[in-house]
Amino acid sequence: MSACSQMGCFELCEKVDSYLHQRMNKFSSHYVVPALIDMNAKCGHMDRAAKLFEEMPQRDLVSYCSMMEGMAIHGCGSEAIRLFEKMVDEGIVPDEVAFTVILKVCGQSRLVEEGLRYFELMRKKYSILASPDHYSCIVNLLSRTGKLKEAYELIKSMPFEAHASAWGSVLGGCSLHGNTEIAEVVARHLFELEPQSAGSYVLLSNIY
């Protein structure tokens, strides 16, 4: 199912789903159903994913995250946020992975206020230390929405060295919004981190 999800193969997804549906009593549904939800969602079978999710007698953190990721892939960011809130209302406590998922959702859907709110909620209410992935999600969100100065300042304020994907998000935002000044500064960092990567050079060239 994991391989099928990565391939995004609709036909193979249907075959695997059908096979497991006929033999579900032989498997632990606790592990299988969330994976089925993830596979169907990533292969474009959202109706099936939603049906599996709603039919679960008891939904857990993994199944909620699988469903939210699927919604985000298909541009249903607002629905994913409502699902996150429903999960919390049901008494399920989000962990650092769940917050990574919802922050990615906000980034893909360009929901700035919601993303910043969840970032603060994670740290203040749930006392979860923000990881490089969490910071990268927020940097990506700010960059996509044109808040390039804020994204750059956030990277500089991180308590650890930002990895290349975070810098790349800012450079991508500079390309999208035509900001040459910040692009030059960010590109220098990327040239140091990944001197052999052609992508940063090409992107800066395109910005010029």
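Arg 110 lies in the loop between α7 and α8 (112-124), where helices (H or I, at least four residues) and strands (E, at least two) are DSSP runs numbered from the N terminus. The structure is a predicted model, in which local features need pLDDT of at least 70, side-chain atom pairs count only at pLDDT 80 or more, and totals for chains, interfaces and linings use all residues. Residues are numbered from 1 along each chain as its sequence is written, and side-chain values use heavy atoms, with hydrogens and water left out.

Although Arg 110 is not a glycine, it has a positive phi of about 60°, and at 45% relative accessibility it counts as partly exposed (buried means under 20% relative accessible area, exposed over 50%, and partly exposed in between, with a 1.4 Å probe and protein chains only). Ser 127, in the loop between α8 and α9, is likewise not a glycine and has a positive phi of about 55°; its relative accessible area of 60% makes Ser 127 exposed. Gly 146 is placed in the loop between α9 (132-144) and α10 (148-157) and is partly exposed, with a relative accessible area of 34%. The C-alpha atoms of Gly 146 and Glu 96, which are 50 residues apart in sequence, are 26 Å apart in space.

Asp 17, in helix α2 (residues 10-22), is buried at a relative accessible area of 7%, and its side chain is joined to that of Arg 48 by a polar contact of 2.8 Å. Apart from residues up to four places away in sequence, Asp 17 touches Leu 36, Met 39, Asn 40, Arg 48 and Leu 52, contact meaning heavy atoms within 4.5 Å. Glu 184, in helix α12 (residues 180-193), is partly exposed at 31% relative accessibility; its side chain makes a polar contact of 2.7 Å with the side chain of Tyr 208, and beyond its neighbours within four places in sequence Glu 184 is in contact with Leu 204 and Tyr 208.

The largest nonpolar core has 68 residues, of which Met 68 and Ile 102 touch the most other members; such a core is a set of buried Ala, Val, Leu, Ile, Met, Phe, Trp, Tyr and Cys residues joined through side-chain atoms within 4.5 Å. With residues up to four places away in sequence not counted, Ile 102 touches Met 68, Ala 80, Ile 81, Phe 84 and Tyr 118.

The structure holds 0 disulfides, a disulfide being a pair of cysteine sulfur atoms within 2.5 Å. The sulfur of Cys 4 is too far for a bond, because the closest cysteine sulfur, in Cys 43, is 4.0 Å away. Cys 65 is in no disulfide either, the nearest cysteine sulfur, that of Cys 137, being 12 Å away. Both Cys 4, at 4% relative accessible area, and Cys 65, at 9% relative accessibility, are buried.

Cys 65 is also among the residues that line the second largest pocket, including Asp 38, Lys 42, Glu 69 and Asp 95. A pocket is defined on a 1 Å grid over the protein atoms alone as an open set of points where a 1.4 Å probe fits, with protein on both sides within 12 Å along at least five of seven lines, and lining residues have an atom within 4 Å of a point. Helices α3 (29-42), α5 (61-73) and α7 (96-109) each supply at least two residues of this lining, and α5 provides the largest share, 5 residues.

Methods: Polar contact = N/O pair within 3.5 Å; in protein donor to acceptor, adjacent residues only side chain to side chain.
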